[in-house]
Amino acid sequence: MTTYFPAPSSRLPRTGPGSDGLLRTAFLGPVVLDAGGELPDVQLAFETWGTLNEDATNAVLVHHALTGSSHVARGASEEDGWWDSLVGPGRTVDTDRYFVVSINMLGGCYGSTGPASLDSQGSPWGSRFPFITIRDSVRTEALLMDRLGIPRWHSVLGGSMGGARALEWALMYPDRVERCAVIACTAASSAEQIAFAQAQLQAIRLDPAYAGGDYYGADLPVAGLGLARRIAHITYRSEAELGDRFGRAAQDVEQPFGGVLPAERGRYQVESYLDHQAEKLVHRFDANSYVILTEALMSHDAARDRGSLAQALSGATARFFIAAVDTDRLYFPGQSAVLAEALPGHVPVHMIRSPIGHDAFLTQIHQLDRELTEAFFTD
């Protein structure tokens, strides 16, 4: 269910539990972008849980990861949320106490303006969709914040790409963020992170069906997007987890060691697992949005145009919560430590301990319940 709010000058109405987890859309008008481009008619899709109190002091913003959506928690919908263990009635982010907002990132494909959106002539943006940054996303989200009548976030939380958005919120709008949690993310994308991302982008762009980004109405570039997902998913899991879970076992009756020609051999279980992950994504995500959001994350650098990292972070006034996954081989715990050390004051790095790697920020977030509650949610 989607509710539209076409009046750009009006505030969006306060919501209650009956609309928890139901997608809505706000129309925000033109947005000028970091790289110099412009989007003339931006809309952001978002969901809310709980009720904004009278003095608007209980609003919590939760950001999704690269291929995530605004559906953080189940709420009144029929679909489980991706952080149900963290957000909901009686959870760490208690929707009986807090008004939770989650926004589909600009450039995404779950309701916000993105490459698949129609331009003023009724054609998909496709290859003409401009380059965007994490800061562009945050700047646009601030417009929605105004429309919701929220002067200041009680807290902003995010993991992976969502952590980059949370960090930029604290730096771009220090007077509008009281608390900021950056989980399984860094101050800037490293060379290795950019390298992994570039391989994924090339997988998509080299798919003939991609057609330079103008494939709407034709065959979708599922082969390229699927390969990109395989590359990415390897970085989301640890070597130990893949070894313990799959080892060198064959997939059912398939024979990976056999066949006269390479094309005739069967698959190992780990190959089947990657195929499954790819198949799931290509049916729910747009390849152009994958490119746009990946490039935005590649550009993530808290110190860009702000001096050294310490100088960039010196103006932040939020109370920070930094966390990492001990087996993360995409965003190393040491990179979280660099961010924490550069922040004003003493900021510890909390640790999710799990054998699975980066994805533990989603599946094992409950390990941080006590620390997050003590740091952010005891008032």
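Analyst: For the make-up of a lining, Ala, Val, Leu, Ile, Met, Phe, Trp, Tyr, Cys and Pro count as nonpolar, Asp, Glu, Lys and Arg as charged, and the others, Gly among them, as polar. The model is predicted, so local features need pLDDT of at least 70 and side-chain atom pairs count only at pLDDT 80 or more, whereas totals for chains, interfaces and linings use all residues. Residues are numbered from 1 along each chain as its sequence is written, and side-chain values use heavy atoms, with hydrogens and water left out.

The largest pocket has a volume of about 1000 Å³ (a pocket being, on a 1 Å grid over the protein atoms alone, an open set of points with protein on both sides within 12 Å along at least five of seven lines, and a cavity a set where a 1.4 Å probe fits but cannot get out; lining residues have an atom within 4 Å of a point). Grid points are joined across faces, edges and corners, and a volume is the space filled by probe spheres set on the points. Of the 47 residues that line the largest pocket, Thr 67, Gly 68, Arg 229, Arg 284 and Leu 362 lie nearest its centre. Two or more lining residues come from each of helix 3 (191–205), helix 4 (222–236), helix 6 (269–282), helix 7 and helix 10 (360–363), where helices are DSSP runs of H or I with at least four residues, numbered from the N terminus. By class, this lining has 21 nonpolar, 18 polar and eight charged residues.

Helix 7 spans residues 287–298 and includes Met 298. Leaving aside neighbours within four places in sequence, Met 298 is in contact (heavy atoms within 4.5 Å) with Ser 189, Ile 194, Ala 197, Gln 198 and Leu 201. Met 298 and Ser 190 are 108 residues apart in sequence, yet their C-alpha atoms are 8.3 Å apart in space.

The second largest pocket holds about 160 Å³, and its lining, which includes Leu 39, Pro 40, Asp 41, Ser 120 and Trp 125, has four nonpolar, four polar and two charged residues.

Thr 133, Ile 134, Arg 135, Glu 168, Ser 299, His 300, Asp 301 and Arg 304 line the largest cavity, which by class makes one nonpolar, three polar and four charged residues.
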